[in-house]
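Here are my notes for a first look. Have the sequence and the model open while you read.

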Amino acid sequence: MHMDNLNLNGNVPSGDLADKWTTYRSTLPLVAPNNKLKIEIIVVGTGLAGASAAATLGELGYLVKCYTFHDSPRRAHSIAAQGGINAAKNYRNDGDSVFRLFYDTIKGGDYRSREANVYRLAEVSTSIIDQAVAQGVPFAREYGGLLDNRSFGGVQVSRTFYARGQTGQQLLLGAYQSLSRQIALGNVKMFTRHEMIELVLKDGKARGIIARNLLTGELEKHGAHAVVLATGGYGNVFYLSTNAMNCNVTAAMRAVAKGAFMANPCFTQIHPTCIPQMGEYQSKLTLMSESLRNDGRVWVPAKKEDAKAIRDGVKTALDIPEADRDYFLERRYPAFGNLVPRDVASRAAKTACDEGNGIVPTGLGVFLDFSAAIERYGKSKANILGLSNPAHAKVIELGEKVIEEKYGNLFEMYEKISGENPYKFPMKIYPAVHYTMGGLWVDYNLMTNVPGLFSIGESNFSDHGANRLGASALMQGLADGYFVLPYTIGTFLSEDISTPKLDVHAPEFTAAADLAKQRIDKLFAIKGKQSAESFHRRLGKIIWEYCGMSRTAEGLTSARQQVRALRDEFYADLYLPGVANDLNPELEKALRVADFIDLGEIMVVDALDRNESCGGHFREEYQTPDGEALRRDDEYAYVSAWEFKGADQDPILHKEMLHFDNVELKTRSYK
Amino acid sequence: MKLTLKIWRQPSQNVKGKFETYSLDNVSEHMSFLEMLDVLNEKLSFEQKVPIAFEHDCREGICGTCSLVINGQPHGPLQGTTTCQLHMRNFKDGETIVIEPYRASAFPVLKDLSVDRGALDRIIQAGGFISVSTGQAQDANAIPIEKDVASHAFDAATCIGCGACVAACPNSSAMLFTSAKVAHLALLPQGKVEAQKRVLNMVRQMDLENFGNCSNITACEAECPKGISVSNIALMNREFLSASFSSNDAN
């Protein structure tokens with residue numbers, strides 16, 4: 001399909017912003033209970049979005065088939081989210097509202113998301129908390145027995161609900177338990193250790209998947225009236241990220257290969273406080289919660305020779321006198337200091353390291369120092385205890401206790417990984433890839449441009465624009481799965497009630513299975529010398545270097561050539577051990593790396609097309625005289641949705657123009 | 001560091017396994033245990049040998065996918081730590097390390113170090129939930145819950161479902177796992193409504209899955225990476241007894 005104007009329509013219902021969803025929900029077509037019993041739905045993925053959607057669709061009476069490559073639906077990476085989940089409950093009476101949560105999300109996303117979707121997200125956020133509490137999610141509570149909230153990510157209200165530092169785990173277990181109940185009732189059939197490796201289209205509609213049974217290697221054909229992808233983000237295109245090892249983009253790219261559009265792929269989020277890379281063998285990066293920046297001060301040595309001495313192990317942070325430290329966030333952003341948003345803090349750390357002041361052997365690390373906070377809390381505690389003129393050692397001891405109460409588990413985790421005591425030596429941190437705002441293009445119904453193919457949670461592009469606010473990922477995953485998709489999928493399925501169960505012996509299924517088999521055979525036939533892992537590592541380096549925290553047209557152009565060369569080398573020199581019809585993690589990895597390479601090229605093309613800086617996308621050519629992001633609303637207020645035409649072709653750009661009728665476009669400033 | 005590794009190799013569930021010995025040089029003390037296995041696997045690949053199958057995912061101690069029995073201890077020597085967060089600095093240069101899969105009849109070995117822990121999911125499916133469908137919930141603050149009670153429930157709810165408790169127990173009992181979910185839900189007012197039915201069904205499923213009994217050895221608590229307390233087992237026994245007396249309907 002080649003449209004002339006290439007303009008996409010988000011199918012947003014008409015009416016006032018605040019009434020759209022309620023009105024639409026009350027009028028959209030329904031599927032009658034007797035017909036639901038005949039309609040099958042495939043849900044791929046069991047994270048917050050997938051598990052909540054599968055459970056809810058099962059409760060509604062659909063025949064649900066749910067897939068995960070894990071051994072259990074409880075393992076998806078939503079489980080690792082630490083901070084919390086936002087909801088416009090206004091339990092604090094601090095002026096929060098649906099509109100304010102909507103506004104903060106649109107602004108935080110640097111005005112690159114769709115107003116109607118974001119408003120709906122804010123609107124259903126309150127129901128998520130009700131649902132989770134009813135399931136037994138043990139959120140933090142106050143002494144009165146009511147739910148506690150905290151402020152998160154620099155917003156002015158306290159709307160974040162949390163369960164210690166394990167909010168994602170508790171919410172996922174809530175959804176997993178609901179899913180387990182539906183499995184026991186027979187409404188959901190669960191397929192563990194199954195990975196989707198092909199999408200099946202029939203008459204232009206998504207009607208099934210080819211799933212590889214990871215234990216036997218069998219390519220199984222599964223049919224349904226509709227397919228829902230809840231397969232997460234693509235952060236592992238960078239190789240090193242805070243994502244789990246098995247997070248991948250294969251399901252999404254298989255859909256893209258069949259015509260689904262990939263939207264805003266260059267919008268990726270880099271989290272400023274992660275433990276830096278220590279060696280080549282390193283397999284992943286670990287996030288340290290954003291909350292640490294409330295008390296930690298970020299610095300590097302002001303003198304390059306001091307930085308070098310620290311890198312070489314000749315000096316430690318403690319040898320650098322106060323006057324020779326550069327607290328660069330406080331210097332550059334006096335109003336917000338260490339609390340500037342994620343994208344700003346990350347870029348500043350990169351600049352400091354690029355200038356040669358990094359403090360770990362790789363040169364890529366800065367200090368996060370708690371000594372001032374320890375002393376301040378210690379003095380205050382001594383005051384409370386009535387100690388007059390306490391010894392310095394006593395002050396530090398008391399201060400360390402306060403810090404331990406606030407961040408004890410994080411400090412312990414840091415010490416386990418780094419082997420250093422963060423109470424005595426400042427933490428070493430560096431930004432790392434954490435979340436991807438881009439994803440499959442979906443309309444207001446969360447349906448992709450392929451009829452019958454839906455995408456929810458991190459795997460779609462819809463709600464976070466160019467930058468996601470803290471504690472909003474959990475909100476979006478559960479909003480899509482519990483409260484949006486189960487309704488909107490009816491618009492497609494209501495037209496399909498007379499379609500019989502899909503026959504997996506149909507030629508479309510055989511063709512898709514053959515295609516999958518050919519891809520696998522092709523990889524085994526290469527018989528080269530390099531492992532899939534080594535190609536992945538090299539791809540990650542290219543994308544991180546040229547499409548990471550800051551980007552230039554020149555770098556991106558070169559990156560595209562490098563990715564293409566890497567693809568050629570991959571198909572010429574891959575070494576794949578083992579056989580196809582067995583548990584073979586190396587084959588799983590190789591199939592995923594092949595898709596990451598294709599995605600990497602689309603990302604770079606997208607970043608090159610977007611001649612502006614916004615949110616996580618910083619193009620060096622587009623900055624203000626003092627080095628801040630320069631957004632260009634007149635030309636780039638659109639969603640870029642890429643149509644893939646094959647690995648050796650230019651993808652085609654489709655645009656969904658963004659209209660802002662309810663907010664005024666402003667420049668973010670943290671000076 | 002230089003290490004000698006004795007690793008359990010088993011091609012599939014129905015084939016007999018055995019230990020193979022590997023030596024690995026240049027191990028950095030900063031590596032995690034699983035990164036050390038990554039390096040060994042890369043080496044095996046280049047020698048055209050089949051890499052060792054082991055399970056892992058988040059590598060930050062929360063998903064519960066990683067397992068392994070290292071020198072006789074599930075998740076290795078460091079207390080309160082999953083295998084993925086165990087670092088090589090906890091081992092000595094020249095050391096011999098024995099690496100095995102979890103051993104329990106309810107956890108059949110699939111390949112090498114991978115086992116099937118599906119039995120734990122089936123225990124949850126038997127009743128480890130609150131029967132509330134989407135949209136039925138009342139306002140989240142409608143029922144106040146005492147802070148200490150919520151906190152107690154949370155402690156039980158932090159179980160990551162890794163199965164180390166089963167691997168640590170000489171009887172291969174899943175009492176710690178099952179009781180953690182029973183306690184989490186029974187402590188909360190939302191979960192009390194179907195508490196009796198829940199405990200009976202979960203315990204029945206646990207027995208059907210061939211897990212052993214609890215004989216108060218408490219190795220499960222000692223090896224649990226999340227420090228789940230055996231007091232949950234006492235709570236479950238209490239719940240189970242009272243449910244058995246007052247209910248004749250387990251379904």
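1. Some ground rules. This is a predicted model, where local features need pLDDT of at least 70, side-chain atom pairs count only at pLDDT 80 or more, and totals for chains, interfaces and linings use all residues. Residues are numbered from 1 along each chain as its sequence is written, chains are lettered from A and ligands numbered from 1 in the order in which they are written, and side-chain values use heavy atoms, with hydrogens and water left out.

2. How much of H3(A) is covered? Mostly: eleven of its 13 residues are buried (buried means under 20% relative accessible area, exposed over 50%, partly exposed in between, with a 1.4 Å probe and protein chains only). Among the buried ones are A:Leu48, A:Ala51 and A:Leu57. The cover includes strand S1 (40–44), strand S2 (63–67), helix H6 (167–185), strand S5 (188–191) and helix H13 (473–493) of chain A.

3. Now look at H14 (residues 507–526) and H17 (residues 585–609) of chain A, which pack at about 105° with axes 11 Å apart (axes are lines fitted to C-alpha atoms, for helices over the stretch in contact, and angles run from 0 to 180 degrees between N-to-C directions). That makes H14(A) roughly perpendicular to H17(A), a label for angles of 65 to 115 degrees. From H14(A), A:Arg519, A:Ile520, A:Leu523 and A:Phe524 meet A:Leu587, A:Ala590, A:Leu591 and A:Asp595 of H17(A).

4. Domains next: the assignment for chain A gives domain 1 (274–431) and domain 2 (518–640), with bounds from an automatic or database domain assignment. Taken over C-alpha atoms, the centres of these two domains are 32 Å apart. Their contact (heavy atoms within 4.5 Å) takes nine residues from domain 1 of chain A and ten from domain 2 of chain A.

5. B:Gln48 is not a glycine, yet has a positive phi of about 60°; B:Gln48 is exposed, at 57% relative accessible area. B:Asn210, likewise not a glycine, has a positive phi near 75°, and sits in the loop between helix H7 (195–208) and helix H8 (219–223) of chain B.

How values were computed: Helices (H or I, at least four residues) and strands (E, at least two) are DSSP runs, numbered from the N terminus. Angles under 35 degrees count as roughly parallel, over 145 as roughly antiparallel, 65 to 115 as roughly perpendicular and the rest as oblique.
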